[in-house]
Amino acid sequence: MGIRERLSGNEAVATAMRQINPDVVAAYPITPSTEVVHYFSQYVADGKVDTEFVAVESEHSAMSACIGASAAGGRTATVTSACGLALMWELLYVASGARLPITLAVVNRALSGPININNDHSDSMGARDSGWIQLYSENNQEAYDNYIMSNRIAEHKDILLPVMVCQDGFITSHAIENIELLEDDKVKKFVGPYNPGFSLISGKPTSVGPYDTVPFYFEHQYQRARAMVDSKKVILDVFKEFGQLTGRNYGLFEEYRMEDAERAIIVLNSSAGTAKFACDTLRAKGEKVGVLKLRVFRPFPMEEIAKAVSHLKAVAVMDKCDSFSAIGGPVFGDVRNSCYGMSNGPQIINYIYGLGGRDVRVEDFTFVYENLDEIIKTGKTGEIYRHVGVRGV
Amino acid sequence: MSNMVEIRWHGRGGQGAKTASLLLADAAFNMGKYVQGFPEYGPERMGAPITAFNRISDERSTVHSNIYEPDYVVVVDATLLTAVDTTGGLKKEGAIIINSNKSPEELVPLLDGYEGRVYTINASNIAEEELGNRNFPNTPMLGAVVKVSGIIPEEVFVKDMEESFHHKFSTKPHVIDGNMKALKRAMKEVKGL
Amino acid sequence: MNYVKDSNLNLNWNEISPGGTILKGGSSLEVNTGDWRVMIPGFIEEKCNHCMLCFPVCADSAIPVKDGKRGDFDFKHCKGCGVCYKVCPVGAITWEKEEK
């Protein structure tokens with residue numbers, strides 16, 4: 001059953017890329033995702049993959065090259081972080097708008113400025129509405145597993161949307177941890193061959209990304225929006241099949257000790273594990289606390305989240321990204337939106353945490369649980385948009 | 001997780017503290033343990049104080065924060081004792097292991113009243129004699145940590161390291177002997193208080 | 001979603017190609033850009049010596065050539081830019097405001 005290994009999150013993604021053996025990888029290095037490109041280009045040099053590796057001169061070019069390669073019918077992948085993702089911005093929309101099933105491993109890092117190389121989610125959260133499916137990963141294992149499943153989701157004929165697989169920069173990307181890898185042949189079989197619906201190099205006349213006039217643009221946007229809605233079912237089907245292969249069963253989110261919980265923290269990526277530890281510690285004292293870890297952020301599992309939190313009394317939604325919107329972070333907005341109109345639903349507050357690599361400790365989550373307790377006891381929600389870990393706040 | 005051992009490494013950029021933490025993670029992994037080995041990253045620069053961490057346990061640790069209450073602290077460069085709070089949060093039942101030519105008694109005054117065990121090992125000297133470069137103290141430091149902490153049985157560790165050196169230095173076999181000697185000497189020469 | 005060859009205004013969102021990808025060539029032939037014209041060229045066949053200076057400069061490929069001789073304009077696609085009128089050395093192309 002699998003191969004017992006110890007790899008960093010970056011090595012895990014590079015390994016998955018090697019096993020998938022994409023037709024084209026176009027990438028430009030940026031900390032902390034550089035290692036993935038580094039490892040993968042070595043696989044190319046060593047002949048371990050047949051991939052055409054395109055060393056481009058910027059992330060804008062990387063995504064442009066990926067769009068070209070994908071339109072030519074190639075299974076295409078790239079990797080980036082932070083400002084690199086920001087430089088891809090324009091093309092992210094082009095990729096999803098042209099319905100090109102590119103996969104992108106995002107190693108989450110704070111956006112400038114001021115410049116910072118450490119982890120938060122401002123990069124991928126900024127790209128949350130670009131028409132890309134987004135999967136988040138607690139650790140190296142989940143980064144690997146999510147990545148292996150990403151092609152199947154992206155390339156499904158009813159979906160045809162690009163997929164981002166996100167993990168936390170340095171915290172998991174550069175940490176060595178145990179991991180169970182699949183054998184190469186099993187990955188190859190699971191991912192399967194790629195049969196694109198068209199190809200610019202098929203010899204048949206094909207136009208990709210033509211000017212979309214008023215009578216058609218809205219219909220194409222509706223197609224993309226529907227594909228995002230419909231992708232939930234496809235994602236669950238792929239997760240299920242992956243579970244049958246590996247024994248690792250994933251859902252749109254993970255409910256950790258939520259069954260009889262009164263208070264819960266909603267969080268994604270590496271801090272979810274830290275929150276689970278805080279949860280266990282409080283559970284040992286008899287406190288009814290739980291963790292809901294989001295895996296699939298786009299499409300957002302609206303009905304499922306609403307159902308999962310309906311029995312709670314108080315919920316804290318954690319955002320490792322501030323929206324500067326004056327109404328809280330992006331995860332919070334979507335969670336609260338999902339719960340609108342619920343009778344007797346929980347009180348919901350937002351915590352911005354861990355920006356720019358600020359270490360997120362077990363104690364931070366204990367503090368959040370205590371504050372939820374306070375809300376329940378006093379019946380007063382108080383400030384909704386909060387920050388944890390900032391000096392003087 | 002009662003069986004979890006947490007280790008914090010203090011070094012300076014370029015001395016291999018991060019590499020040592022990854023080597024320790026490797027050795028513990030080969031023993032069947034669950035491991036975490038990770039550095040704290042800033043803009044990397046030679047000579048700047050850096051910190052690296054290990055969690056070693058029988059079950060997967062889900063915590064992804066730095067380590068604030070370590071069982072062991074390893075100081076790869078003794079000049080850090082006056083520059084960084086090396087004993088901060090260090091458990092009394094634990095120990096600090098310092099690369100120094102001094103005795104543990106001589107260094108106690110620099111440890112902010114730390115009441116636990118103090119060990120020294122002249123890792124730079126061993127590195128100079130066995131590897132020809134005193135700037136590579138991480139192999140002897142690793143030997144001292146395993147000896148003091150007992151997280152890996154010594155003979156298993158020595159055997160595993162020999163294999164990993166053979167793998168790592170397959171193109172430079174002359175380096176293998178030096179590293180093995182440095183490792184074994186450190187395990188013998190570490191001095192405790 | 002299926003990729004289809006034809007798009008028209010009678011088709012709903014789920015009947016047109018995903019992302020607007022077009023799986024055939026020459027689809028611009030179907031678009032009547034001729035009604036963008038303000039000025040219109042005219043072809044005076046008797047004056048034309050078929051020197052072939054006009055058709056390569058036509059941005060809309062609206063000057064058909066067959067057996068070494070040019071024919072009348074393709075007014076479905078001529079946008080009325082006037083370049084042909086400008087290059088014609090023998091006055092075989094007229095240029096006036098189009099009455100609609």
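Two strands are taken as paired if DSSP finds at least two bridges between them, and helices (H or I, at least four residues) and strands (E, at least two) are DSSP runs numbered from the N terminus. The model is a predicted one, in which local features need pLDDT of at least 70 and side-chain atom pairs count only at pLDDT 80 or more, whereas totals for chains, interfaces and linings use all residues. Residues are numbered from 1 along each chain as its sequence is written, while chains are lettered from A and ligands numbered from 1 in the order in which they are written.

**View 1. Strand pairing between chain A and chain B.** Strand 8 of chain A and strand 2 (residues 34–39) of chain B run antiparallel and are joined by 2 bridges. Within this pairing, Glu177(A) has Gln36(B), in strand 2 of chain B, as its bridge partner.

**View 2. The contact of chain A with chain B.** With two residues in contact if their C-beta atoms, placed from the backbone, lie within 7 Å, the contact takes 21 residues from chain A and 19 residues from chain B. On the chain A side, the elements giving two or more residues are strand 8 (176–181) and helix 9 (271–283), and helix 9 of chain A gives the most, with 5 residues. The residues of this side of chain A divide into 8 nonpolar, 8 polar and 5 charged, where Ala, Val, Leu, Ile, Met, Phe, Trp, Tyr, Cys and Pro count as nonpolar, Asp, Glu, Lys and Arg as charged, and the others, Gly among them, as polar.

**View 3. The two domains of chain A.** Chain A is divided into domain 1 (3–246) and domain 2 (253–388), with bounds that come from an automatic or database domain assignment. The centres of the two domains, taken over C-alpha atoms, are separated by 28 Å, and their contact takes 28 residues from domain 1 and 20 residues from domain 2. Helix 5 (122–126), strand 6 (133–136), strand 7 (163–168) and helix 8 (214–246) of chain A each supply at least two residues of the domain 1 side, the largest share, 5 residues, coming from helix 8 of chain A. By class, that side of domain 1 has 11 nonpolar, 12 polar and 5 charged residues.

**View 4. The fold of chain C.** Chain C has 1 helix and 4 strands, which follow the pattern β-β-β-α-β when read along the sequence. The C-alpha trace of chain C spans about 55 × 30 × 15 Å along its principal axes.
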